[in-house]
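Me: Could you take one part of this model and give me a close look at it? I'd enjoy hearing how it sits with what surrounds it.

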Amino acid sequence: MPRSKERQVFVSVDWLAAHLHDDLCIIDARLVPPTESHSRGEGLYAEGHIPGAVFVHWRQDLSLNTKPVPNLLLGPEAFATKMGQCGVDAQTTVVVYDLGNVSWAARIWWALRYYGHEQVYVLAGGAAAWQEAGKPWTQAVVQPAPKTFIPQPRPAMRATRERVLAAVHDPATTIIETRRRDTISAAGGTVQGAYWLPSTTVFASQGAYQTLISEQELDGYLKQIGADRAPQLVAT
Amino acid sequence: MSAAGVAMALYLHGYDNVAMYDGSWTEWHQDAGNPTDDLDTMLARSPVQPA
């Protein structure tokens, strides 16, 4: 399946630099992997960030951290409260950036879309590309005017444990394991029947940041795992 | 978070049928009754990819 031309996920460094003074919500989502200190994201933000950006910590701000299953997406009311505090309503264009490894920014992109928000984009190359281009950088902290975010969940975008269990025995569903090899080993395996297509394959390193592989390369992998023919995909 | 990146790439690629499971790091492995494959079994059915 070709890359869909009417869809836009990324905005460029030049585009964001030209629209810094528009009515955007820029979210700094920089975090380090969960095995390291969780406070580093705030530290990076304090040292400098894109002008106008607010810092959002996925684990602290947008996750349910209750046992026994931490790190799941916040429920609609709590998510709406946080987005409202960030100055996001239905008309707001949101641009999310992370270190440039398309991980935490993608998570917030997904969460906003899951709750029905269309105008959300990821800064291509993240903070690394922004700084490499010599664009403005500041320590000034902004306080966005609160807005009202009304969540409109799209259940089809999210798989529950029950749905994954059903998918294991459903030939119409292709399960895609996206974690790194060492993480899968450490966890004791993957969902039965899953095919491996990690984000480290889908996004290739380009200097200090990562970019999406070519349409042809991605298509090749998707055909090999049957994703192009599957009525339903589950990414895990 | 890796699943979100792949889900985003698939969306950009034209796929509207992707559901993300955000419990794979924690929830799935907390119940030994959940069916799993080991790494080698998964790799054997998957395309060869960069290291």
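Reply: Let's start at G116(A), which has a positive phi of about 95° just after helix 5 of chain A. Helices (H or I, at least four residues) and strands (E, at least two) are DSSP runs, numbered from the N terminus. The model is predicted, so to speak of local features takes pLDDT of at least 70 and side-chain atom pairs count only at pLDDT 80 or more, while totals for chains, interfaces and linings use all residues. Residues are numbered from 1 along each chain as its sequence is written, with chains lettered from A and ligands numbered from 1 in the order in which they are written.

Helix 5 itself covers residues 104–114 of chain A, and it is largely enclosed by the rest of the structure because ten of its eleven residues are buried. Buried here means 20 or more other C-beta atoms within 10 Å of the residue's own, with C-beta atoms placed from the backbone. Among these buried residues are W104(A), W109(A) and W110(A), along with R107(A) and Y114(A).

Chain B has three helices and two strands, in the order α-β-α-β-α along the sequence.

Key
Buried ≥ 20, exposed ≤ 12 C-beta atoms within 10 Å, placed from the backbone.
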